[in-house]
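Let's take a look inside this protein and see how some of its parts pack together. Here is the structure to follow along with.

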Amino acid sequence: MNFIASETKQKLRGGYYTPEDLAEFLTRWVAPTAETKVLEPSCGDGAFFPALRDTGADVTAFELAPEEAAKAMARGLQNCTVHNRDFLGWALDTKGGQFDAVIGNPPFIRYQYLPASFQTKAEQVFARLGCKFTKHTNAWVPFILASMELLRPGGRLAMVVPSEIVHVMHAQSLRTYLGQQCRRMVIVDPQEIWFEGTLQGAVLLMAEKKATPDDHGEGLGILRVAGRDFLRQDPEAVFSKPRAINGKTVQGKWTRALVPPATLAILEAVEASDRFCRFDEIAKVDVGIVTGANKFFLVTDEVVERHGLHEWAHPMFGRSDHCPGVIYDEAQHCNNAATGKPTNFLWLDPSVEDCANGRAYIALGEDENLHTRYKCRIRKPWYTVPSVYATEVGMLKRSHDTPRLILNTVGAYTTDTAYRIRPLRGTARGLVYSFFNSLTALSAELEGRHYGGGVLELVPSEIEKLLLPASEDFVPDVERLDRMVRDNTVAETLEVQSETVLVALSKSEQMDLLAAWATLRDRRHRLPT
C-alpha cells in the first residue's frame, strides 16, 4: 500500500514532462497548420510548444499549477491561450467535437491522491460518456476520455501515456471507448524507460477518430521499438506500419495485439474446444489471509521462541523464496525456518490475554499503534484475524517468469500475497501439474498486468479466465515437475510439461504458444528483442 505522505511532490502532480524529440514526432503526425485547432489538456511548462511554434495552429492549453502555466506562457507561442485552471471542469462544460487535434502528456496521478473536486469531475466524465467508473483509475484515463470527446470526427489524438494502458483493469472503459470511437489506433511501445528516475513505462498513443459513427474500425496495432531511430521516420509511415487487429483486442486487454496471427488462431481454436477450459470451470480462487499487519502476525521461529508464542504459531508461506518449486512440504518448511524466514502465522484469539506472554506480545503491537490500522481497528479484538483456513493448493499473487500452483502438503496458511485454490473437479495434484504449460503461461501474460520492475500480477478475476487442459489424461508426477522447476529454466520446463498435458495440440502449436509467452515475458522484463 502506498500512502500520500510518502510520495514526492512531482509524483503527486504527475509532473513528468515530454522529451523534445517525442513532442516533435507527435506534433508532426497531427500535422497542424494555421487552420488547425489544437488542444493541449495538460501543457505543464509547454514542452510541446517548440514543436508547434512554426505551424501557426490555434492552440488551447491547460495547466493547473500556476508556476508551470507561467512557464508555458513565457514561451511566447503565437495563437496560444494557456488556461491556468482544471481541464476536466472546463471539458464538462464544453461542447464536444471542437478540435482538429489533441496532443500532450496527461498527468499520471492515482485516483486516491487527487483532490476531492477532481475525483468528482473524473467520475462525471465517465458518466457523461457512458463508461464504467472505478476508483482504481488514474488521472490520465479521464483526461484521454474527455480529450477524445472534444476531438472532431476524423481528428487525431497523439499522447504520451503509461504503458499500463495496454493491460490494467482500470483502463478497460477507456480501451472500449477508444475502440468504439476510433478508425485506427497505434501504440508505439519502447523497450526503454523514457522518463529518468521512474519505473513507469510510457508509450505513444496515436489514434484517429472515425469520420462517422458507422465507419469501419480497424482496431489496434502495437509497434515495438528499440532506441529512438523511429522518431526520424515519417510519423504517417509509423502509424500505418503495425498490423491492426480488432474484435477481442479492443473489447478486452490490448496485449493480444502483441501476439502473432498464427498464435492468435491457435488461441481461438483452444477457446472453442471442449478439450480446454477456463480456470473457474475447474477451481475456485480466494484471497489469502488479510492480517492488516503482516510483520506482527508473520514471524520467525526466533520471535515465537523469544515471546513464548508456540500455542498460537502455525506454518505459513507467502513469498516466492518460500517455495522455489511447486511443492510446499515439511522439508521446505524446515529449510525456510532454518534460514530465518518468517514461517509462522500467529493465529491469536482472546485466550492469548490469559497468559503473561500473550498479553506482553499484544502490548508490543499496541505500542506500535497497530490496533489503529483500518483492517485491525474494525475487528474486535483487533488481533483476531478473520477467514483463517488453509487449502491444498496455493498460488503466489506475483511472479517473475510465470505463475505456478503450489501443492501445500503441510496445510500451511497463506497471507494476501498468495491465493487459496480449491479444485472443483479432479485432484489437487492434477491441477498443480496441468497448470504448468505454455498455453496457461501465455494466457497469464494476456490476462495479467505488470508494473515497474516487470513483475507479473494476477487478481482472482484474471486467474479465473486462464486457459488450461480440461481433463487429467496423464499421471500427475508433481515430484518430477517440482525438480524441473527448481533445476531447469522456465522455458525448458514449460516445453516438457506441454508435451505431457497439451496432448490436444501439436508440437508446433505448443512451441508457437511458448514463443509467444517468451516474447511477452521478455517485453515485461524489458529484455532486447
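This is a predicted model: local features need pLDDT of at least 70, side-chain atom pairs count only at pLDDT 80 or more; totals for chains, interfaces and linings use all residues.

Helix α7 (residues 140-150) and helix α8 (residues 172-181) pack at an angle of about 15 degrees, and their axes are 10 Å apart. Angles under 35 degrees count as roughly parallel, so α7 and α8 are roughly parallel to each other. The crossing of α7 past α8 is left-handed.

Who touches whom? On the α7 side you'll find W140, V141, I144, L145, M148 and E149, and they meet L174, Y177, L178 and Q181 of α8. Sort the residues of this contact by type and you get eight nonpolar, one polar and one charged.

## The nonpolar cores

Now for the largest nonpolar core, which has 103 residues. F87, I165, F279 and I421 have the most contacts inside it. Helix α7 turns up again here: it gives the most to this core, with eight residues. Apart from this core lies another one, of 35 residues, including F48, W194, A202 and F239.

Zoom in on I421. Leaving aside neighbours within four places in sequence, I421 is in contact with residues including F279, A283, V285, M395 and L431.

## A pair running the other way

Helix α20 (residues 478-487) and helix α21 (residues 490-501) pack at about 155 degrees, with axes 8 Å apart. Angles over 145 degrees count as roughly antiparallel, so that is what α20 and α21 are. Their crossing is right-handed.

Here R480, L481, M484 and V485 of α20 meet T493, V496 and Q497 of α21. By type, the residues of this contact are four nonpolar, two polar and one charged.

Terms used
Residues are numbered from 1 along each chain as its sequence is written. Side-chain values use heavy atoms; hydrogens and water are left out. A nonpolar core is a set of buried Ala, Val, Leu, Ile, Met, Phe, Trp, Tyr and Cys residues joined through side-chain atoms within 4.5 Å. Buried means under 20% relative accessible area, exposed over 50%, partly exposed in between (1.4 Å probe, protein chains only). Helices (H or I, at least four residues) and strands (E, at least two) are DSSP runs, numbered from the N terminus. Contact means heavy atoms within 4.5 Å. Axes are lines fitted to C-alpha atoms, for helices over the stretch in contact, and angles run from 0 to 180 degrees between N-to-C directions. Angles under 35 degrees count as roughly parallel, over 145 as roughly antiparallel, 65 to 115 as roughly perpendicular and the rest as oblique. A crossing is left-handed if the near helix is turned anticlockwise from the far one by less than a right angle, and right-handed if clockwise. Ala, Val, Leu, Ile, Met, Phe, Trp, Tyr, Cys and Pro count as nonpolar, Asp, Glu, Lys and Arg as charged, and the others, Gly among them, as polar.
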